[in-house]
Each structure stands twice: as C-alpha cells, then as structure tokens.
Amino acid sequence: MPGCCGCWEVLRPPRYKRLVDSIFPANPQDGLVKNNMDKLIFYAMTTSEKLDRIGMYLEQKLSRSINRHRIGFVFVAMDALDQLLVACHAHSLNLFVESFLKMVQKLLECEEPELQILATQSFIKFANIEEDTPSYHRRYDFFVSKFSAMSHNNDRDEVIRAKFRGAGLLGLQGVVRKTVSDDLQVNIWDPVHMDKIVPSLLYNMHTPEFMSVNLESPRDEEHPTYIAEMVFRDLVCRASYGNVKSVLQPVLRHIDNHELWVPNDFAVKCFKIIMYSVQIQREQQYGYLVIQMLMSHLDTHTNSDPSIKASIIEVLYESVLISAGGSIGPSVLDVFNTLLRHLKTSVDNKSSDSKKRAMEEKFEEAIISTIGEFANNLPDYQKIEIMMFIMGKFPQFGQNDEMGSSVDNYLQTMLLKTLLKVATKYKTVIMNNAFPPEFLQPLLRISLLEEPGLRVVVQEILHTLLDRHDNAKKLRKVCIPKDVVAELDLTVDKVPRQDSLFMKKNGIQFYWHILENLQMESNRVANFEAIYCTMCLISIEMGGDDILVELIRLALDIQQTTLESNLPSTHKCCNHAIVAAYLNIVAHITNMSPLVQYLSDLVEVRKKEASHLLPDFAFNRANRPTSYPTNDKVEERWLLDQTTLQEILTDCGHDASRLSSPLALRPHSSMGAVIHDSAMASSISDLGSINIELDSLENSPLLARKKVEEITVESLKKMLAEDPSQKREEEAKKRQEIFETFQNAPFEEIVARAEAKSNHFHEKLYEILEMTPPESPDHVKGNQNAVPVFEMQFPSLYVY
C-alpha cells in the first residue's frame, strides 16, 4: 500500500500547474478565482525560476481555449497573464514575456474582434511595464504590421471600426514606447517600421473632426482621430536628433502621395504639431531640422505646379513662426540662398497662362514673407549680412551699362521687395552698422534704376533703415507747416557723434544720389514724395550742427540743377516745392529762428506770385498740363538766395564758407567707377591754379642734390643765425598735438580726417589727368632721349 501511494505522488502534476489550474473557475463568467490567483502570484514571486514554465503552461491552456472557441476562458487566461506581468520583475521575466507575446500574437491572428482588442489591451499594459533586464532577441515586426492594419480598418459598423482603429493606434504607441528606450531591441526608427507607423497615424488624423477642431467644444478622447494625434505627438517627442528625419520623411511622402498640399490645411496642422512637439522635448534646439527637411523637399518640387510650391512655402512660413530663434541653424546663408534660388526660378518661368502666372506670383509673395520671418529670427548683425547677400543677387553693371537695360525688372522688383521685408525686421541703432560700405554703395546705385516703381522701393528701404523714431509715416506728404515738430508730431533727439562722423564720411554719396534721382524725367509723384521723406529723415536722424551747412548746400544744389535742366514743368515745380519744404524741416529741427523767418517770407511771396512752386499745387494729383504756367521763367525773388543764407548761418555761429562749394561731383565708389556728369566741367579749375602741397619733397634725393649745389656763404650765415632751440620747441609741440589727437580722438574721426585728405589729393590728381592731353605716338617716337622710368627719382610720397 505505501508503494502505491508513492506511485500516485510521482504522477501528480507539478505545483505550478496545479496553481494555474486552480485560477480557472467552473463558469468563465465568474472571472478569476481571486484567492488562488494571489497564491499563484506569491509562488511566481518567490520561485522566479518557475515563471517561464508558468507562462508556457498558460500559453498551452490559452491555445486549447482558442481552438475550442471557449472565449470566456481566453479572457480569464489573459487576465492572469496581465496580473503576473505587473507583479513580477524577476530576472527570468524575459522568458515569461516570450510566452506572453506568443499568446498576444495568437489572439491578434484570430478573426473575432473582441479577441484582437483584448490582445491589444494586454500589449498596451505590457508596454507600460519597465523591465529591469535588457532583451536581446525580441522582434516586434508582426505587431507593427498588425497594429497598422488595424488602424486602417474599414468595417461597415462605425462602432467596431472606431474600436479597431483606436486599438491599433494605441498598439503602435505601445510598440514605440517599448522599443524606443532600449538600444538593444529592434530599431523602431528604421524606414521599414516608420513607413507603416506614420502613414497609419496621418490616415486617421485626416478627418473632418481633426480639421475642424474647436477649443471650446468637448473632445471625444476615444475617437481615433484624437488618439492618432496624441500618438503622433508622442512619437515626435520621443525622436532624438538623429531620428527626427525618420519621422519627417514618411510625413512628406504621405502628403505627396495623397496630394494633400493643395489645399494645405492638413499639412500646416501636421507641421505645427511637429514643431511644437520637437520644441517641448528639445528646448528649441532641433526646430531647424524640420525647416531643413522642408527646404530640401521644396527642391524636389522645383518643376511642380506653382500651387504646390506655394503651399510648401506657406507650411515653411508657419513652421518658422513657431520655431522662434531656432529655425535657422548653422547654415544661415544656405537657407536664404535656397529661397532666393526658388524666387529667381519662379520669376524666370514666364508662362502665358494667366492662372499659372497668378499662382507663381502667390508663390513669390510667400517666399518673400518667409524670408522676412527667417530674418526676424536672426540677430541684427546677421540681418545686415542677409541684406548684403540679397544685394549680391542683383546683376553687376559695368561702368558703361545703363541701369535696368539688360535685366528683368520683375526680378529686380522681387529682390527689392525681399530686401525691404528683411529691412523691416532690422532695428537701427548706429547708422554705421546699418549702412556698411559694401551695402550702402550698391543700394544707392540701384536707386538710379530706370523703373520708377523700383526707385520708390529703394527709397522705402532707406526710410526703414534711417527711421529710428517712427517719423517716416509722418513725412510722406510734402507740406510746409508753420510749426513742424508740433503739427507733424515728430520725434527729434540729439544726433549721436557716431552718426555725425558717419555723415561726414558718407554724406556726399547720399547727396549725389538724391540730386540724380530728382533729375530723372521718369519720376512720378510717389518718387518725389519718397525722396523728400529720405531727405527729411537724413536731416532728423543725422543732421547735427557739423553737417548743417551741407544740408542747406543740398537744397541750393537741387534748386540750381533744376533751373539749368530741361525737365518738364511738372518736375521743376515738384523740385522747387521739395526744396522749400525740406529746408523748412531743417530750420525747425535746428531751431534757427532767422532761417525759419526767411523761409516764411519766401513762402508768402510764392503764395502771392508763384503758387505753382509750393507743395499744395505741385503735388496735387488732379493737375493737368494746362494747370501749369506757360512761362517757365522763375524770378529771383521766388528762389533761395545763397548770400542771405550765408549771412543767416554766420549770424547763428556757423562756418558758411562751405556753402559756396557745390556738391556736383559723383563720390568715389569701391567699384572704381569715378564718373562725372555734365556739370563736372564747371567745377574743374584751371590747371595752372592747382597747387598740390607735397610735404615729403624734402626727402627727394634729386631735390636734395640740387639744394647742396646751391649752398652759398649767405645761406650758411642765415642757417647759423637761426635759433635751433626755438625750432626744436615748435617741432616738439607739433608732435605732442599729433600724439594727443591719436590718443584722445575717436577712431572714426581719425579715419574721416585721413580719408578727407586722401580724397582731396585724388580729386586734384584726377583734375590734372583730365586736363592733360594724352601723348601722340609721334611725340613718343620723337622723344628718344627721355629718361627711362626705372631710372627716375621719385619723391618718397609716391614710393610705397
């Protein structure tokens, strides 16, 4: 008998099987036997080496229940598996997980919807568990494919369809969550996985519910659309620097394949989600990766329909608005170069189809707005660099080229609009920073284009950069108020010393181009008004006492060139009116009462005798050619008198001697084009009256030899009679003055002095070369006894 008992003990099932069998009730509707489930959990936690066997046995029972269609016991088995997973964190959990994943896979392969949803729910619970040990051999390819297929479910029953899609989307989130934090597991960012996950999310997001989101209305969080949006945000948030592109490429491909760029509401919303999600996790560091991807994608659509390109640019624009300061990244100029290249390509596409041309124009305007927003995210010094970069896209003209003759005016218009857009984002502090020579000279040169509309845009760019106190909008109308500052509500501050030095150095360039602009016959009212505004802004922002005489000299030069020109009567009237209005501004902002009174008397005279020389008449757009006087003669009493102005300046304590020096010569430019207009001849003095002082002639060896030969007894007596100590004192005093100047004077002032001396020398030298006729070949042949150049002795001033 005892032997029989021993045999029965051997045939008895192991304890873990008895515990597993005990958790199943007789009626599956009763659910798990709770007490027995607690015993199984305690056993699994205390003897962790049995955990894998428990899993395998549960898998067998689950398979039998599925094959026998005992659905109730399937739910019981999955409930037990879920509780064991949550409770146990042993080192041998990996083997148990393998059995668990096999059971989930079997349920997902079933046709019953409730079993697939049950499997998904169990997988989601598993995905939320943080495991203590890494896994080396798990693969989730089946789950990605199955959950993606569930996300595209098209069951006729709307309720079942919503449940399937919601379960599939949450399952995809579970796969990402389980794999993204473990480098030893499958790389979920591989294209083979992302090409299934991302389109599944976008497919469920592209619904009317997603496009018509109302923040005030309650959201159904169980709706697949909102689940897809939540999973998509989570996916982007979890993407690291190297994986952001893995998410973006399927997004762009999906939008291309389903033609969702036009209209682009869905694309805009998707990229807003991407930009916000990237910034939340990456602290605005990786926003420029999204921008770069969009820029690259735009390159692939170079030959696409303009509406598609315009939609991509609009998405880019919205992304830049969100990205704040992190949208540009390290390759600043590359971004602007790409946008400008697309702008030029669009301009070159001259389609005869009016509808297509309209779409191209919309695309161009979108590019300009996007460039402006890009520039808004840059520091000020880079904005100037970008403006210089855009300026470099203008065609380079030779010295003999006519402005606007060999290039497309429309391209120039687009580039100038782009330049203006960037300029509006710049905050001017110091004029020297806002107008570096490499930017100022080409900009002023472009102001002489033949197209009047382009010249207006250039003046608007100058207004934007010159105006630091928002006075430009108050100066657009040419008028002569009695109290300028009060009536126009102008803001006038003291001119900084740096700006005065800047104007001393570069003022001639502004003055000359203003004169040239006012002499162009193609000018319209808008051109005159824009030039007047520029003149007033220069006087307000940089019109210190140091350049007051030059400002008044500019008015006299405009008046004189207008009298000598062959301009139409309309243009002459506008010029005379501008001179009076401009000088009225200068007089009031400098508080020169005698000048204000003089101008007031002049205006009264014009009102009585020559009202056509005042702004009210000259800038009246309702005028007709018959409205102007038939006689173009202008009386002296209607004009500014140079002698009177000199007396006023002298009485106010200013040096009026410079008022007699006209601003007729074109300034020297860095491009080497020193070109004079027809008025240059009047300013060239006689060659015999030119006196060039060369301080270094004493150092010339040739002259030194001549001096040695001419030494006499009388000259020696004179040299001995001179007091050497007095001469040494004078030289020491002179050296001290030079030392103090270089030690205490601002660097800008030293540079201005040096350049002024250099410019004076070059002007005199140029006059000599102009007046000296070139030698004829016969003369050169006859001069055989001339000393070779390499044997000549030159003064040290000419030797470098």
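Visitor: Is Asp 489 buried or exposed?
Guide: Asp 489 counts as exposed, because its relative accessibility is 52%. Buried means under 20% relative accessible area and exposed over 50%, with partly exposed in between (1.4 Å probe, protein chains only). This is a predicted model, in which local features need pLDDT of at least 70 and side-chain atom pairs count only at pLDDT 80 or more, while totals for chains, interfaces and linings use all residues. Residues are numbered from 1 along each chain as its sequence is written, and side-chain values use heavy atoms, with hydrogens and water left out.

Visitor: Where does Asp 489 lie?
Guide: Asp 489 is in the loop between helix H24 (484-488) and helix H25 (497-518). Helices are DSSP runs (H or I, at least four residues), numbered from the N terminus. The phi of Asp 489 is positive, near 55°. Most residues other than glycine have a negative phi.

Visitor: What about Asn 591, and what is its phi?
Guide: Asn 591 also has a positive phi, near 55°, and is in the loop between helix H28 (569-589) and helix H29 (593-609).

Visitor: Changing topic, how many disulfides are there?
Guide: The count is 0 disulfides, a disulfide being a pair of cysteine sulfur atoms within 2.5 Å.

Visitor: Which peptide bond is cis?
Guide: The bond from Val 262 to Pro 263 is cis, with omega near -5°. Pro 263 is in the loop between H13 and helix H14 (265-282).

Technical notes
Helices (H or I, at least four residues) and strands (E, at least two) are DSSP runs, numbered from the N terminus.
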